[in-house]
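Here is a friendly note to read beside the structure, point by point. Please keep the 3D view open and look up each residue as it comes.

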Amino acid sequence: MNRRSLLSSAAAVAGAAAAAPLLSACGGSSASSKGGTSTKTGLQAALPNYVASSTLKADIPSVSGAAGSMTDPGFLSYPATQVKTVSGVPGKGGSYTAVTPLWGTVPDPGNSFYQAMNKALGVNLTMKPADGVNYATIIPTMTAAKKLPDWIQLPTWWNPNFNVGELVGTQLADLTPYLSGDNIKQYPNLAAIPTGAWTDGAWEDKIYGIPSFSSGFALAGTTYFRQDILGAKGITADQVTSAADLFSLGKELTNAKGGVWAFDDVWTYLFPYFGVPNKFTVTGGKLVHKYETQEILEALDWHYKLAKSGYMHPDALAGNNNDGKTRFYAGKVLISGDGMGAWNLGDAQAGIAADKNYRRGAFGVFAADGKSTPGVFLGTNTAEVSYFNANLKKDQIEELLAVADYLAAPFGSAEYTMVNYGVEGTHYTMVNGVPTATDAGKKYVQQQTYPFLATCPNVISNPGADQVTKDYAAWQAAASQHVYKPVFLNMNITVPTRFATADAAQAVEDTIKDCYHGIKKVSDVQAAISSWKSSGGTQLVQWYSDNVMAKYGTGQ
């Protein structure tokens with residue numbers, strides 16, 4: 001697995017977690033606990049002051065969007081000159097251990113890349129990547145034994161498994177004194193991380209975590225289409241301004257006898273267009289769960305009709321999503337929902353291998369009824385946060401923060417190139433202006449570990465596939481004007497164990513899935529929701545209302 005496919009996999013997992021729900025919730029048993037949530041004033045006092053990096057000028061600059069969002073900058077080429085952003089060596093010779101998830105083959109310890117990184121960082125950082133597939137069960141074993149490494153990555157979608165709300169301040173170090181306000185200015189690369197990303201590692205008015213893979217414009221995913229095929233038929237994205245328009249394409253594009261269906265699964269990233277909130281909304285000052293809204297029933301009704309229309313691929317209806325991309329590349333389905341991590345160089349290469357004319361496109365943000373104001377909720381600014389061990393001393397924390405600043409150097413800088421590609425001539429060579437991995441680079445560098453400790457904010461870069469970068473950047477710029485902050489965005493909330501089942505609402509989610517696959521009716525979902533309410537759902541909403549919204553606000 002190469003670097004880009006690894007990040008796409010991580011983004012896909014994060015996107016799935018982001019879709020339901022986007023807030024970080026983790027189980028805890030303490031009735032008196034603040035729940036991990038921060039107050040508005042307390043959080044503002046703890047957050048680092050954002051200072052944008054001016055090291056490199058993007059080919060496609062960021063665009064300011066609604067709700068304080070900022071799109072990712074686009075680069076059409078890799079910088080010919082890699083500027084240094086860190087003076088000297090950040091470390092002072094300390095020895096530390098670090099654990100990160102890895103979806104791939106674990107590199108040999110002490111390999112040439114790790115040795116080169118230690119020299120560049122000025123520390124002896126022993127990397128101990130753990131199997132990403134089993135990470136959710138590996139880490140709780142460490143925390144139970146109170147044997148965490150010095151530095152550890154805890155993806156936010158696994159916060160319930162890790163019980164992070166109980167770990168902060170006990171096993172995880174408080175970084176507020178080092179990073180709050182202008183204190184972060186001694187770490188300029190960390191200061192360039194979007195403010196929202198720091199809130200994902202904030203608990204009870206304190207900063208504990210360091211963000212990786214952050215973005216000022218975070219969406220879980222969207223509804224894609226084969227732009228090459230639809231374009232040849234004279235169909236463009238701007239022609240779809242309602243759910244009815246989208247449904248009409250089903251009849252026009254489907255040719256079951258020819259092995260072509262218009263749709264694959266689209267529910268996960270399309271339901272927000274019906275006005276369905278991420279998890280909660282506030283109506284008349286009252287907190288309302290998405291299951292209690294009329295909009296979710298309308299969305300399900302449309303998707304149920306789609307499932308029964310004959311316009312969806314049979315394998316999609318059967319819930320076989322593993323082959324979804326294969327169907328899309330082969331032109332067997334022409335419209336498909338997917339995470340934002342799907343739109344990249346690797347996708348273009350795989351698509352072109354199947355069809356030389358392949359080009360991914362995405363519909364703009366629209367209101368399902370074609371009349372309301374279009375809107376889609378933002379996601380958390382990052383899904384990956386790393387933490388320091390609470391047993392570290394002040395000088396050790398400062399040394400590791402200096403190392404984190406090196407790891408967070410901006411795209412295309414000398415430090416970024418080192419972290420992501422290794423040593424030139426050993427781990428990569430420049431081919432047509434693009435750092436290209438050697439065999440050693442593929443073996444040791446592309447199995448990424450360091451970026452899960454800290455990285456610069458996301459950029460859009462697809463060397464050799466400029467059209468992909470231009471398409472994605474243009475889509476972000478347009479979509480950014482229609483985003484809004486969902487209730488409890490970026491708020492770390494510890495939900496008491498007694499509400500864990502109701503909060504997960506697995507029985508309702510399973511019924512919803514059966515509905516948009518045409519197996520069960522909307523009335524079956526209503527029955528499941530009614531059961532959910534009586535078995536803890538109503539109490540759950542009240543708990544959120546009394547213990548989160550009333551005390552800490554909505555985060556909007």
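**Notes on the model**

1. Let us start with Tyr-444, which is found in helix α19. Helices here are DSSP runs (H or I, at least four residues), strands are runs of E (at least two), and both are numbered from the N terminus. Please bear in mind that this is a predicted model, in which local features need pLDDT of at least 70 and side-chain atom pairs count only at pLDDT 80 or more, while totals for chains, interfaces and linings use all residues. Residues are numbered from 1 along each chain as its sequence is written, and side-chain values use heavy atoms, with hydrogens and water left out.

2. Is Tyr-444 buried or exposed? Tyr-444 has a relative accessible area of 14%, so it is buried. (Buried means under 20% relative accessible area, exposed means over 50%, and partly exposed is in between, with a 1.4 Å probe and protein chains only.) Leaving aside neighbours within four places in sequence, Tyr-444 is in contact (heavy atoms within 4.5 Å) with Pro-107, Asp-108, Asn-111, Ser-112 and Phe-113. Tyr-444 and His-427 are 17 residues apart in sequence, and their C-alpha atoms are 8.1 Å apart in space.

3. Next come the aromatic rings. A pair of aromatic rings is described by the distance of the centres and the angle of the planes. Rings of Phe, Tyr and Trp (its six-membered ring) pair if their centres lie within 6.5 Å; planes under 30 degrees apart count as stacked, over 60 as edge-to-face and the rest as tilted. By this rule the count comes to 36 aromatic pairs.

4. One of these pairs is Tyr-114 with Tyr-450, an edge-to-face pair with 5.7 Å centre to centre and 90° between the planes. What does this pair tie together? Tyr-114 lies in helix α3 (residues 112–121) and Tyr-450 in the loop between α19 (439–445) and β21 (460–461), so the pair links parts that are 336 residues apart in sequence. Tyr-114 is buried, with a relative accessible area of 4%, and Tyr-450 is buried too, at 0%.

5. Now find Tyr-224 and Trp-343. Their ring centres are 5.6 Å apart and their planes are at 90°, so this pair is edge-to-face. Tyr-224 is in strand β11 (residues 221–226) and Trp-343 in the loop between β15 (333–339) and α16 (345–354), so the pair ties together parts that are 119 residues apart in sequence. Tyr-224 and Trp-343 are both buried.

6. Which residues form one aromatic cluster? They are Trp-103, Tyr-135, Trp-157, Trp-158, Phe-162, Phe-213 and Phe-452.

7. Two backbone angles deserve a look. Asn-163 is not a glycine, yet it has a positive phi of about 55°. Asn-163 is placed in the loop between α5 (159–162) and α6 (164–167), and at 24% relative accessibility it counts as partly exposed. Phe-488 also has a positive phi, near 70°, in a residue other than glycine. Phe-488 is in the loop between β22 (483–484) and β23 (492–496), and at 0% relative accessibility it counts as buried.

8. Finally, turn to helix α23 (residues 522–552), where Ile-529 is found. Ile-529 counts as buried, at 5% relative accessibility. Leaving aside neighbours within four places in sequence, Ile-529 is in contact with Tyr-291 and Val-508. Ile-529 and Thr-511 are 18 residues apart in sequence and 9.3 Å apart in space, C-alpha to C-alpha. Ser-531 is in helix α23 as well, and Ser-531 is partly exposed, with a relative accessible area of 41%.
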